[in-house]
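Dear colleague,

I am handing over to you the structure shown below.

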Amino acid sequence: MVTIGNVHEDLIHDAVLDYYGKRLATCSSDKTIKILDVDASDNYKLVTTLSGHEGPVWQVAWAHPKFGPILASCSYDGKVLIWKEQAETQQWSIIAEHTIHQASINSVSWAPHELGAVLLCTSSDGKVSVLDFNDDGTTSHVIFEAHAIGVNSASWAPITNSSSNKDANSLKQQRRFVSCGSDNLAKIWKFDPASDSYVEEAKLEGHTDWVRDVAWSPSNLIRPYIATASQDSTVLIWTQDKDGKWQKQSLTEEKFPDVCWRCSWSLSGNILAVSGGDNKVTLWKENLQGKWESAGEVEQ
């Protein structure tokens, strides 16, 4: 286990490796983002500090490398900033600002790269926005009401049949994601060509307090899996039955010892990591009987 100390001057809220695992981006309540290089021996070297936000930075997200060295960040200041590294100078600069939300932006996530450079943003103003970076250099966005009181996180569904039809319109119709909010709900949304916006496909009801995080498994193994982590100290796993209805199952028989903050799937989609208010990260795996069992704990 590698520990990186003294990178930020305040709480670190997110730390994300890029696609190749060669760079780490971290963000903090000190209003900055740090980029660190990772070498073959897992040594971390601070390369640059990005300053541009006026409040705590909650989350960072690397774009797929086919779009270049691009990082999105979101903050309490109500802004999403898009950063790009110039290849010649290796200097980072802001190439776009997304400022249409009226409150803290709590999460940012890039769509599967097959769908293009598309960024999903969630905000405490109760709205979700989807930002398209078009091939001609322009941007366009859709914004809509998603959860009363506030939206805490969202996660894209994986692409199911990207090989069949690759024209822009049919790919756009494959856009689906799940959001979660302070109304104790998670909701699944799909793109609707008629309204050129997103419509609610399903409502996932089961938590008794704020849903803090949601994660859609990145690979449809046998069926789709969604995990939701809540203030009520539980994590629920959602799967679709043969009629397409979403069914819930509690990850654990007993509640977690504290609030469940974040949940995250492995790239293969079969292991779930959960972090909570007890400062522990636990790993979970489904057994052959369909029950979830402990796969260990990440030593801090």
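I begin with strand S2, where both faces are covered: Arg23, Ala25 and Cys27 on one side, and Leu24, Thr26 and Ser28 on the other, are all buried. Buried here means under 20% relative accessible area, exposed means over 50%, and partly exposed lies in between, with a 1.4 Å probe and protein chains only. Strand S2 comprises residues 23–28, and six of its six residues are buried.

Please note that this is a predicted model, in which local features need pLDDT of at least 70 and side-chain atom pairs count only at pLDDT 80 or more, while totals for chains, interfaces and linings use all residues. Residues are numbered from 1 along each chain as its sequence is written, and side-chain values use heavy atoms, with hydrogens and water left out. Strands (E, at least two residues) and helices (H or I, at least four residues) are DSSP runs, numbered from the N terminus. Two strands pair if DSSP finds at least two bridges between them.

S2 belongs to an open sheet of four strands in the order S1-S2-S3-S4, paired in the antiparallel sense. S1 and strand S4 (44–51) are at the edges with a single partner strand each, so one side of each has no neighbour in the sheet. From one strand to the next, the twist averages 20 degrees; angles run from 0 to 180 degrees between N-to-C directions, and axes are lines fitted to C-alpha atoms, for helices over the stretch in contact.

Five bridges pair strand S1 (residues 12–17) with S2. Ile12 has Ser28 as its bridge partner, and Leu17 stands opposite Leu24. The two strands form a hairpin with five residues between them, and Gly21 in the turn has a positive phi of about 70 degrees.

On its other pairing, S2 is joined by five bridges to strand S3 (residues 32–38), again antiparallel.

Another open sheet of four strands has the order S13-S14-S15-S16, with antiparallel pairing. Strand S13 (151–156) and strand S16 (197–205) are its edge strands, each pairing on one side only. The twist averages 25 degrees from one strand to the next. Strand S15 (residues 185–192) is joined to S16 by eight bridges, and Lys190 stands opposite Val199 in S16.

The nonpolar cores

A nonpolar core is a set of buried Ala, Val, Leu, Ile, Met, Phe, Trp, Tyr and Cys residues joined through side-chain atoms within 4.5 Å. The largest has 18 residues, of which Leu120, Val128, Val130, Phe144, Trp156, Phe177 and Tyr198 touch the most other members. At least two residues of this core come from each of strand S10 (118–123), strand S11 (127–133), strand S12 (139–145), S13 and S15. S13 supplies the largest share, three residues. A second, separate core of 16 residues includes Ala72, Cys74, Ile105 and Phe133.

The record

Over residues 50–84, the chain is 0% helix and 54% strand, with the end C-alpha atoms 11 Å apart.

With kind regards
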